[in-house]
Each structure stands twice: as structure tokens, then as C-alpha cells.
Amino acid sequence: MIGIFQSFFYSLFVIFVNFPSNKCNIILEGKKVFSQLDEILSIPQIDVIYIGQYDLSISLGIPGDVSNPKVTELMEITLQKACLTGKSVGCMVHSVQEANKAILKGFSFIVYKVDCNILYDSINQFLAKINDTGTCEIS
């Protein structure tokens with residue numbers, strides 16, 4: 001099964017198939033999809049469940065507050081249920097510390113930041129090395 005399923009405003013989930021391994025990954029983002037979690041987890045072709053914390057926080061009315069208990073509770077429930085069905089669960093982290101915590105909890109698919117954050121951090125590191133004369137410090 002490959003496709004995109006949407007509610008009125010938020011994506012319910014997106015299914016990707018990585019052809020060399022034939023792994024089927026889905027992204028859970030809207031609050032409505034979590035009410036269908038047991039049904040989704042019963043689909044044997046799904047191998048990896050990725051939780052889109054930021055879109056989930058928006059759908060819960062707390063945009064960007066991914067550490068809010070409303071978000072973390074749904075993540076914990078998903079992790080517990082998915083592990084019982086033998087599926088891997090993924091999430092996004094922003095630091096080594098967050099990655100270690102996620103791995104210890106049982107998340108096995110870890111995404112490090114989003115591309116725009118990585119680019120932003122890289123540019124800021126570059127700009128921090130430019131001194132007042134406009135030349136770059138060599139390190």
C-alpha cells in the first residue's frame with residue numbers, strides 16, 4: 001500500500017516504500033490518526049512508525065511544544081503498542097542527549113533535526129568564525 005491519506009487539514013499518515021529493502025514506513029502526524037492506532041498497527045506490511053511531533057503539536061493546539069505531555073503521552077503510547085507488534089518507532093531529536101533518551105526509551109528510527117535547522121546552525125557557526133574585519137578565522 002502506497003499513498004497519502006489526509007484529513008481536512010492535517011496529514012493522517014504517509015506511507016513510503018524503500019524499494020531495496022521493501023520496508024514500509026508511515027508518518028503519524030494528526031491527532032485523529034492516533035485514535036486509529038490499533039487499526040494501523042494491525043497492518044502487517046507496516047514496518048516503521050514515525051511520529052511527526054511538530055505537526056502533532058499543531059493538531060493538538062500547542063504548536064511547537066513537542067515536550068508537552070499531550071505530545072509525549074501519545075508518543076509513549078505509540079511506542080509501547082508498536083513495540084508489542086514488532087514495529088520500529090521513530091521520532092526527531094535536536095541533540096545527542098535527546099537521541100540517547102529516545103534510544104533508551106525504545107525509539108529505533110532517529111531523525112536529527114530538520115534540514116532548515118541544520119542549515120541555520122551551520123551558517124551561524126560559519127558567521128561566528130568571521131571576525132570584525134570580514135575575514136574568516138582558520139581553525
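A residue is called buried under 20% relative accessible area, exposed over 50%, and partly exposed in between, with a 1.4 Å probe and protein chains only. The model is a predicted one, in which local features need pLDDT of at least 70, side-chain atom pairs count only at pLDDT 80 or more, and totals for chains, interfaces and linings use all residues. Residues are numbered from 1 along each chain as its sequence is written, and side-chain values use heavy atoms, with hydrogens and water left out.

By these limits Lys81 is partly exposed, at a relative accessible area of 32%. The structure contains two salt bridges, each defined as a side-chain nitrogen of Lys or Arg within 4 Å of a carboxyl oxygen of Asp or Glu. In one of them, Lys81 pairs with Asp38, with 3.1 Å between the closest N and O atoms. Because Lys81 belongs to helix α4 and Asp38 to helix α2, this pair ties together parts 43 residues apart in sequence. Helices (H or I, at least four residues) and strands (E, at least two) are DSSP runs, numbered from the N terminus.

Glu76 forms a salt bridge with Lys105, the closest N and O atoms lying 3.3 Å apart. Here helix α4, which holds Glu76, is linked to helix α5, which holds Lys105, across 29 residues. Glu76 is partly exposed, at 26% relative accessible area.
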